[in-house]
Amino acid sequence: MTQSATLEKPAAVYSTVSEENIATTQGTGISDRSHLTRLKVTGADGIDLLNRLSTNKLDDLEVGDVQGTVLTTNKGRIIDLLYVLRQEDHLLVITSPDTREKVSEWIDFYTFIEDVVVEDVSEATAMLSVVGPKASNALTSLADVPPYGSAALTIGEVDALALRTDFAGIESYDIIASAQDRNALWETLTDLNAVPVGNEALELVRIEQGIAGYDGELCEDYNPLEAGLKDFISFNKGCYIGQEVVARLNTYDKVQKHLVRLSWNGEAVPELPVALTHEGRQVGTLTSATKMLNGDGHTGLGYIRKAHVQEGIQLLSEGGLEVVVEVIPQHE
């Protein structure tokens with residue numbers, strides 16, 4: 001198993017957050033997400049092993065299919081959200097940049113006599129993401145890529161692989177190519193009027209859509225049901241690590257917290273994560289935050305106890321910041 005150094009995150013802002021937000025929500029944006037980890041899993045038992053380690057059903061994936069699945073601990077807590085693409089002779093697994101070693105080691109730990117080899121190909125590849133409702137207008141070949149599907153494309157003179165993951169909660173494609181073709185691919189896509197989008201605008205879109213993120217919500221403090229990842233869980237497949245806990249929480253409606261959107265006025269942003277209280281009792285945690293486009297307020301995501309998941313309820317952070325439950329993402 002080979003490891004590589006952590007790749008640099010993309011620029012925070014290219015133009016303005018407002019312009020970049022408009023591109024991602026109304027047009028076509030392009031973001032360099034090469035810092036995410038890409039693992040190549042080879043061997044006859046790769047798909048079976050990942051199926052036994054994570055929440056979703058993977059063993060019936062057809063070649064070219066993509067599936068989101070959650071790697072969980074034996075207590076049903078989140079290690080990472082993975083996107084798995086099945087290819088003819090290997091699997092491509094996209095993970096958080098912060099868990100690349102942990103995911104590789106977790107797979108390795110549960111590999112006994114299985115024919116499985118994991119190679120980190122993050123350094124050898126680039127991943128540019130095209131985001132927005134007009135993405136397939138800018139690059140018409142994307143129109144044939146269905147949600148959780150993939151296609152081999154030639155973009156300009158670059159051979160690439162496109163995966164539609166909708167990772168931002170809106171139409172989103174991850175385009176993977178050789179690292180040496182990264183600049184040429186970027187130039188071709190921007191020439192097609194894709195607007196460069198930095199981390200700040202992507203973070204705003206993610207929070208507005210109520211999507212759990214790698215830096216704040218996807219961690220071992222929470223389970224996938226709390227994180228709103230039910231679409232990435234199969235309750236009909238066989239056992240996986242943490243399956244009994246996750247199934248029991250779902251069957252007996254024992255999920256105690258939900259991921260919600262929060263807002264507050266002013267410039268203050270507490271050091272995250274930060275506890276949130278109601279009438280002196282801790283009822284949740286603010287886990288991510290970003291500045292709103294209009295006004296001087298902020299918006300963020302946090303985990304709040306079920307009894308306090310109410311539109312407009314006011315919570316208090318450590319330090320006295322008044323935080324309001326503003327939007328509640330849909331939960332089963």
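Two strands are said to pair if DSSP finds at least two bridges between them, and both helices (H or I, at least four residues) and strands (E, at least two) are DSSP runs that are numbered from the N terminus. The model is predicted, so that local features need pLDDT of at least 70 and side-chain atom pairs count only at pLDDT 80 or more, whereas totals for chains, interfaces and linings use all residues. Residues are numbered from 1 along each chain as its sequence is written, and side-chain values use heavy atoms, with hydrogens and water left out.

**View 1. Strand 13 beside strand 16.** Strand 13 (residues 274–278) and strand 16 are joined by two bridges and pair in the antiparallel sense. In strand 16, Ser 317 is the bridge partner of Leu 276, and the C-alpha atoms of these two residues are separated by 4.5 Å although they are 41 residues apart along the chain. Buried means under 20% relative accessible area, exposed over 50%, and partly exposed in between (1.4 Å probe, protein chains only). Because its relative accessibility is 6%, Ser 317 counts as buried.

View 2. A pair of aromatic rings is described by the distance of the centres and the angle of the planes. Rings of Phe, Tyr and Trp (its six-membered ring) pair if their centres lie within 6.5 Å, and planes under 30 degrees apart count as stacked, over 60 as edge-to-face and the rest as tilted. The structure holds six aromatic pairs. In one of them, the ring centres of Tyr 83 and Phe 232 are 6.1 Å apart and the planes stand at 80°, so the pair is edge-to-face. This pair links distant parts of the chain, 149 residues apart, since Tyr 83 is in strand 4 (residues 78–86) and Phe 232 is in the loop between helix 6 (199–209) and helix 7 (243–251). Tyr 83 is buried, with a relative accessible area of 8%, and Phe 232 also counts as buried, at 10% relative accessibility. The rings of Tyr 148 and Phe 232, with centres 6.4 Å apart and planes at 80°, are likewise edge-to-face. Tyr 148 counts as partly exposed at 29% relative accessibility.

**View 3. Helix 1 against helix 6.** Helix 1 (residues 17–26) and helix 6 pack at an angle of about 55°, and their axes are 9 Å apart; here axes are lines fitted to C-alpha atoms, for helices over the stretch in contact, and angles run from 0 to 180 degrees between N-to-C directions. Helix 1 is therefore oblique to helix 6, where angles under 35 degrees count as roughly parallel, over 145 as roughly antiparallel, 65 to 115 as roughly perpendicular and the rest as oblique.
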